[in-house]
Amino acid sequence: AEGDAAAGEKVFRKCKACHMVGEKAKNRVGPVLNGVVGREVATVGDYKYSKGMMEFGEGGKVWDEETLMVYLMDPRGTVKGTKMAFAGLKKEEDVNNVIAYLEQFDAN
Ligand code: HEM
């Protein structure tokens with residue numbers, strides 16, 4: 001909402017090693033991120049999540065802006081046992097921008 005999608009596209013370069021978005025997106029090391037903003041945690045059907053991520057999502061937790069902020073600033077501190085091998089983003093602004101970028105891609 002407050003983020004800049006164009007700036008977020010640059011931030012997403014850090015995610016691209018493991019994630020895809022867009023029409024032809026497939027699961028790679030990480031799950032497809034189309035529609036992730038507002039999506040329930042750990043619900044890409046053909047992707048094998050860690051036990052930690054499955055537990056984090058129990059009760060129908062959703063990737064809203066707040067949950068994404070906490071997770072992307074500190075993935076392994078937020079989701080114990082996550083297999084996302086990423087140290088996290090350092091600036092809240094980068095998280096807001098990457099969220100704005102991701103919001104452009106609907107679930108498919
Ligand atoms: C999971 C975002 C960088 C590998 C996730 C999830 C999100 C996310 C939202 C949860 C998806 C879901 O519940 O379906 C991002 C963003 C990144 C980033 C925005 C960049 C800022 C990376 C990188 C890697 C990676 C660089 C690989 C080194 C994974 C893996 C999972 C995951 C393996 C599944 C985690 C698990 O099951 O514990 N990512 N990610 N991600 N991501 Fe990333």
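Contact here means heavy atoms within 4.5 Å, and the structure shown in these close-ups is a predicted model.

View 1. From α3, the residues E65, L68, M69, L72 and M73 are in contact with E92, V95, N96, V98 and I99 of α5. Sorted by class, the residues of this contact comprise seven nonpolar, one polar and two charged.

**View 2. The crossing of α3 and α5.** Here we step back to the helix axes. Helix α3 covers residues 65-73 and helix α5 covers residues 92-102. Their axes come within 10 Å and cross at roughly 125°. The crossing in which α3 passes α5 is right-handed.

**View 3. The largest pocket and its centre.** This pocket holds about 550 Å³ of space. Its lining is made up of 28 residues, and H19, P31, L33, Y71 and M84 are the closest to the centre.

**View 4. What lines the largest pocket.** Our two helices return here: α3 and α5 are the elements that give two or more residues to the lining. The most comes from α3, with three residues. By class, the lining of the largest pocket counts 21 nonpolar, four polar and three charged residues.

Notes
Residues are numbered from 1 along each chain as its sequence is written. This is a predicted model: local features need pLDDT of at least 70, side-chain atom pairs count only at pLDDT 80 or more; totals for chains, interfaces and linings use all residues. Side-chain values use heavy atoms; hydrogens and water are left out. Axes are lines fitted to C-alpha atoms, for helices over the stretch in contact, and angles run from 0 to 180 degrees between N-to-C directions. Helices (H or I, at least four residues) and strands (E, at least two) are DSSP runs, numbered from the N terminus. A crossing is left-handed if the near helix is turned anticlockwise from the far one by less than a right angle, and right-handed if clockwise. Ala, Val, Leu, Ile, Met, Phe, Trp, Tyr, Cys and Pro count as nonpolar, Asp, Glu, Lys and Arg as charged, and the others, Gly among them, as polar. On a 1 Å grid over the protein atoms alone, a cavity is a set of points where a 1.4 Å probe fits but cannot get out, and a pocket is an open set with protein on both sides within 12 Å along at least five of seven lines; lining residues have an atom within 4 Å of a point. Grid points are joined across faces, edges and corners, and a volume is the space filled by probe spheres set on the points.
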